[in-house]
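Here are some exercises to work through with the model open beside you. Try each task yourself before reading the steps below it.

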Amino acid sequence: MTRSAKVLLTLVVLAVVGSLLIGGGAWYLWKQHSGEFFDAGKAAVAEGKKSGAGQKEGGCLAEALARHKAGANGSFGTAVRNNVWFGSCLSASTPQE
C-alpha cells in the first residue's frame, strides 16, 4: 500500500470515528434534555400568544427586537426561543398594513 493510500485511509477512518462520536454525543444530549427543550418551546408559544393577543403586529416586532437586543449573548437557544415567541405573537396579534 502506498504512503498516500495509507494517509487517505487514516483520514477516512478518523472522519468516520469523529462522526460517530459527535452523533453519539448529540443522541445522548437529546435523550437527557429533550423534555426541557419541549417545555421551553411550549412556554415560549404560550407567552407569545398571550403577548400578541392585545397588540398589533408592529408591537410584536418591536418587542421581538427588544428581546433580541436583551439576549445578545449569542446563544443559539435564546435565538430559537425568541423566534418561537415571535411567531406565536404574530399569529395571535391583530394584522396591520
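## Exercise 1: Follow the charges

Task: starting from the salt bridge between R67 and E47, whose closest N and O atoms are 2.5 Å apart, trace the network of salt bridges that R67 and E47 belong to.

Solution. 

Step 1. Know what you are looking at. This is a predicted model, where local features need pLDDT of at least 70 and side-chain atom pairs count only at pLDDT 80 or more, while totals for chains, interfaces and linings use all residues. Residues are numbered from 1 along each chain as its sequence is written, and side-chain values use heavy atoms, with hydrogens and water left out.

Step 2. Helices (H or I, at least four residues) and strands (E, at least two) are DSSP runs, numbered from the N terminus.

Step 3. Stay on E47 and look for another partner. The side chains of E47 and R81 meet in a salt bridge of 3.4 Å, N to O. This pair also links distant parts of the chain: E47 is in helix α1 and R81 in helix α3, 34 residues apart.

Step 4. Return to R67. E63 forms a salt bridge with R67, the closest N and O atoms being 3.6 Å apart. Both E63 and R67 lie in helix α2, four residues apart, about one turn of the helix.

Step 5. A search of the whole structure finds three salt bridges, and E47, E63, R67 and R81 are linked in a network.

Step 6. Check accessibility, where buried means under 20% relative accessible area, exposed over 50% and partly exposed in between (1.4 Å probe, protein chains only). E47 is partly exposed at 31%, R81 is partly exposed at 31%, and E63 is partly exposed at 28%.

## Exercise 2: Characterise the disulfide

Task: which residues form a disulfide, and is the disulfide left-handed or right-handed?

Solution. 

Step 1. The criterion here is a pair of cysteine sulfur atoms within 2.5 Å.

Step 2. Search the whole structure, which gives one disulfide. C60 and C89 form it, with their sulfur atoms 2.0 Å apart. The pair links distant parts of the chain, C60 being in helix α2 (residues 57-70) and C89 in helix α3 (residues 76-92), 29 residues apart.

Step 3. Read the torsion. About the S-S bond of C60 and C89 it is about -80°, so the disulfide is left-handed.

Step 4. Look at the surroundings. C60 is buried, with a relative accessible area of 0%, and C89 is buried at 0% as well.

## Exercise 3: Describe the overall form

Task: how many helices and strands does the protein have, and is the protein a compact globule or more spread out?

Solution. 

Step 1. Count the elements: there are three helices and zero strands.

Step 2. Compare the radius of gyration, taken over C-alpha atoms, with the globule rule, 2.2 Å times the number of residues to the power 0.38. The radius is 22 Å, well over the 13 Å that the rule gives for 97 residues, so the protein is more spread out than a compact globule.

Step 3. Finish with burial. Of the 97 residues, 12% count as buried.

How values were computed:
Salt bridge = Lys/Arg side-chain N within 4 Å of Asp/Glu carboxyl O.
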